[in-house]
Amino acid sequence: MNDAVALRVRSGILEQTGATAAVLQSDTMDHYRTFHMLERLLHAPPKLLHQLIFQIPPSRQALLIERYYAFDEAFVREVLGKKLSKGTKKDLDDISTKTGITLKSCRRQFDNFKRVFKVVEEMRGSLVDNIQQHFLLSDRLARDYAAIVFFANNRFETGKKKLQYLSFGDFAFCAELMIQNWTLGAVDSQVDDMDVDLDKEFLQDLKELKVLVADKDLLDLHKSLVCTALRGKLGVFSEMEANFKNLSRGLVNVAAKLTHNKDVRDLFVDLVEKFVEPCRSDHWPLNDVRLFLNQYSASVHSLDGFRHQALWDRYMGTLRGCLLRLYHD
């Protein structure tokens with residue numbers, strides 16, 4: 001409370017209103033008491049809307065909820081993909097020291113993540129819609145929480161050194177693509193936890209894509225189609241041609257390994273190691289990466305011996321979007 005009083009003094013409120021320091025102290029204390037009573041309602045925001053004790057205009061209620069559930073980018077980056085459990089909560093002291101965010105704020109943010117996760121993890125229906133319905137968050141904030149829930153459930157690794165250049169926004173973008181295309185909800189809107197769990201049957205089927213790199217004739221034909229289409233259009237054409245088979249093996253092998261939980265967790269590490277870093281070391285501009293991925297994906301439709309076009313599109317459509325977001329040239 002004393003920190004809040006000092007902040008208000010620095011804002012010039014005493015001069016603006018002619019109030020005394022004692023009045024300011026008393027007013028601030030009133031706000032703290034009110035907030036203390038309000039906070040339990042903020043844990044279930046619809047209750048705030050229906051309570052009759054506090055006369056708060058709807059616009060101010062919305063602001064309160066949004067501010068309470070807001071989070072710091074630096075904090076979420078430290079806990080993204082970790083289990084929202086007591087073990088992680090014990091690390092909050094260290095996270096507070098590392099990020100410069102107060103321990104009290106770290107606890108509020110962590111408890112909010114955990115609360116939203118517990119409420120929506122096994123619900124039927126759209127993850128974003130469920131979060132909006134039960135916590136009354138704005139569309140943008142609900143989408144961010146959907147990404148946090150999705151990452152916590154699938155335990156994606158985000159803390160490795162080679163992933164530190166990626167922002168929460170980068171991961172949230174990829175989460176949205178995966179929720180739309182790789183979850184149970186992508187094929188059936190009536191299943192429980194449809195936007196939280198990846199579609200296991202889809203992940204099993206991805207092994208079928210191995211033929212693209214295991215069959216030498218298919219691999220050579222795929223390379224030939226891509227090179228013919230991109231000759232004269234890529235600044236890094238010779239590097240692409242020389243490295244095509246390695247890049248293709250990397251992208252297809254990532255798919256084939258997603259049947260194992262550990263490999264699902266390491267998805268972003270694998271994408272950076274197998275694709276982003278090799279292209280970056282050859283100085284591919286982002287536009288060349290875009291042209292290559294578009295042609296690499298599309299050319300498979302011209303491979304006569306390949307029978308898994310729909311599976312390929314479901315995999316590569318999402319992967320292409322993620323890779324372009326992960327690639328900072």
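**View 1. Phe156, a buried ring.** At 2% relative accessibility, Phe156 counts as buried (under 20% relative accessible area; exposed is over 50%, partly exposed in between; 1.4 Å probe, protein chains only). The model is predicted: local features need pLDDT of at least 70, side-chain atom pairs count only at pLDDT 80 or more, and totals for chains, interfaces and linings use all residues. Residues are numbered from 1 along each chain as its sequence is written, and side-chain values use heavy atoms, without hydrogens and water.

View 2. A pair of aromatic rings is described by the distance of the centres and the angle of the planes. The structure holds 25 aromatic pairs (rings of Phe, Tyr and Trp, the last by its six-membered ring, with centres within 6.5 Å; planes under 30 degrees apart are stacked, over 60 edge-to-face, the rest tilted). Phe151 and Phe268 are stacked, because their ring centres are 5.6 Å apart and their planes stand at 20°. Phe151 sits in helix α11 (residues 139-154) and Phe268 in helix α18 (residues 267-281), so this pair ties together parts 117 residues apart in sequence. Helices are DSSP runs (H or I, at least four residues), numbered from the N terminus. Both Phe151 and Phe268 are buried. Phe156 and Phe268 pair edge-to-face, at 5.6 Å centre to centre and 80° between the planes. Phe156 lies in the loop between α11 and α12 (168-181), so its pairing with Phe268 in helix α18 joins parts 112 residues apart in sequence. Phe268 has a relative accessible area of 0%.

**View 3. A cluster of aromatic rings.** Ring pairs link Phe35, Tyr68, Tyr69, Phe71, Phe75, Phe113, Phe135, Tyr145 and Phe168.

**View 4. Helix α16 crossing helix α20.** The axes of α16 (residues 237-257) and α20 (residues 309-326) come within 12 Å and cross at roughly 115°. Axes are lines fitted to C-alpha atoms over the stretch in contact, and angles run from 0 to 180 degrees between N-to-C directions. Leu251, Val252, Val254 and Ala255 of α16 meet Trp312, Tyr315, Met316, Leu319 and Leu323 of α20 (contact: heavy atoms within 4.5 Å).

**View 5. Cysteines without disulfides.** The structure holds zero disulfides (pairs of cysteine sulfur atoms within 2.5 Å). For Cys227, the nearest cysteine sulfur is that of Cys279, 14 Å away. Cys227 is buried, with a relative accessible area of 4%. For Cys322, the nearest cysteine sulfur is that of Cys174, 3.4 Å away. Cys322 is buried too, at 3%.

Note on methods
Helix = DSSP H or I, 4+ residues; strand = E, 2+ residues; numbered from the N terminus.
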